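Hi,

Here is the structure I promised to pass on.

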Amino acid sequence: MLLSEITHPNQLHGLSIRQLQEIAKQIRDKHLQTVAASGGHLGPGLGVVELTLGLYQTLDLDRDKVIWDVGHQAYPHKLITGRYHDFHTLRQKDGVAGYLKRCESQFDHFGAGHASTSISAALGMALARDMKGEKFKVAAVIGDGALTGGMALEAINHAGHLPKTNLLVVLNDNEMSISPNVGAIPRYLNKMRLSPPVQFIADNIEEQLKNIPFVGDELERVTEGMKRLAMSKVGAVFEELGFTYMGPVDGHNLEELITTFQQAHQIPGPVLVHVATVKGKGYEVAEKDQVGYHAQNPFNLATGKAIPSNKPKPPAYSKVFSHTLVKLAEQNPKIVGITAAMATGTGLDKLQAKLPHQYIDVGIAEQHAVTLAAGLACEGMRPVAAIYSTFLQRAYDQIIHDVCIQNLPVFFCLDRAGIVGADGPTHQGMYDIAYLRCIPNMVLMAPKDEAELQRMVVTGVEYTSGPIAMRFPRGNGYGVPLMEEGWEPLEIGKGEILRQGDDLLIVGYGTMVNSGMQVAQILREHGIEASVINARFVKPLDIDLIVPLAGKIGRVVTLEEGCLMGGFGSAVAEALLDANVVVPVKRIGIPDELVDHATPEESKVTLGLTSQQIADDILQAFFKKQLVPV
């Protein structure tokens, strides 16, 4: 059977091991070809090909449900659930999503973009099944990295307390999340996998048996069996928590996987099958560099090297951030960078390399990261919590309860704020302005370019009166000149006038300041002169600058790359209302809708956020004109 002929996972039933191995090869080939051409997550999916095939051959997917944690590892799942022929559209506008989406397929039983959710969701489905008197199997597939998330541990604790609830948890143990795993649980798994006693036993058995006639061919099997016997001590932890433990199982041996899953389905209550896999399996480059090939932009499949750009690009915001932070940390030993398993994504890997004692990776545990930062701040340290905007949502209570109520000087650096592109709704950083500006004691700022980001890093590190947050976008800056040192902090709550005009006031925040300048130039070509303000801060807002100009000019437009509801434009409108300045205000930003996967440029067109579209919108709203080419 060809992979291209599979439109339903039940078609795997009855296939021989040899046939499944051929399907596995085709999955890897398609996976590699697609990601090499258009980019995407590479290593996670390559590592679970056999796991997916083995599990699905033992289930009736018309009834049974598999819940995948995150979605990085679900590309093989997509390829055998009817999306093979559209897979070349992966992560492209109107194409196959990079993560699981309930609306995309009947086999995507739970949407997942953030880690550690699968066991909770699967347990909920299993309990609903039992309440309704139905009969179907529920399996959750979770990586060992995701076990560092408190939510996964809470779910395990709950499931282990329900001995009559049938639930299968498949632990995909590849020793990695995006970066190498940290924490006691992954360390325990590694300890048992690599411990000297395990190696000692295996080595001594090998030495004793290698010269015995007829044993040579069995030597590898015997020593591997001894290693697994010792490794099975891992199961004692899960057994104590109420699970029946099985494993570890070779995650690339289809026969062993199928046998184990068939046995697991017969055991009542919660069962955990421990599967040992290799991230990037089948592509040597990805196996050797599991961090670098977790996800990739388009690359040369033969060499594994990225396809070079036609022209050099300005540095990425995250690179400027990390470079500036390292410089400051070299001068101030109280600065501590904190990441939640995203060292490379946030740029804190540079801090780790340069100043490892001023760097902390807590694993996939954003809640812990925030309260840990609060504890550091209590003792006079300068914690810098570098967490993606979308992931900081997971620690909202900790931001309020542990940081803001106590008015602790934690510096939050929110990378990937705004439109992020191909990762889709789960990763769009749309909500941080709204969800942070309503909290007392919080200061919020956003740079208009990479040079201003440098000054804001200094501002955040030096601000000790309470919590402060800076949002900045994914991608590259504008190419403005950068400074190596001598950065001056910004005055808290003060914006700047970039352009003066009497017909319209444009107030931009963050990435949209540059768009505001472009819009002003377009409007000028139509006889309209606009003032442009770089707000810099949404809280405190520069009322002394904005309110008088708004009253004088009489027309106001706000620009932001965030949700309109409760966002920057709302803050400006509220300030004007509070000051009894009643003028027309047009807020331009992300409407009350989810932004699907596409390139950022495509999303901006869809949302009406290109400079041309904004200028046209303004002309129609305030000047009753239709934009026409000049």
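Helices (H or I, at least four residues) and strands (E, at least two) are DSSP runs, numbered from the N terminus. This is a predicted model, where local features need pLDDT of at least 70 and side-chain atom pairs pLDDT 80 or more, while totals for chains, interfaces and linings use all residues. Residues count from 1 along each chain as its sequence is written, and side-chain values use heavy atoms, without hydrogens or water.

Let's start with His 109, which sits in the loop between helix H4 (75-79) and helix H5 (118-131). His 109 counts as buried because its relative accessibility is 11% (buried means under 20% relative accessible area, exposed over 50%, partly exposed in between, with a 1.4 Å probe and protein chains only). Its contacts (heavy atoms within 4.5 Å) beyond four places in sequence are Asp 64, Lys 65, Val 66, Ile 67, Arg 102 and Met 125.

Now the sheet. Five strands make an open, parallel sheet in the order E2-E3-E4-E6-E5 (two strands pair if DSSP finds at least two bridges between them). Strand E2 (65-68) and strand E5 (244-250) are at the edges with a single partner strand each, so one side of each has no neighbour in the sheet. E2 pairs with strand E3 (residues 138-143) in the parallel sense over four bridges, and Ile 67 has Ala 140 in E3 as its bridge partner.

Cheers
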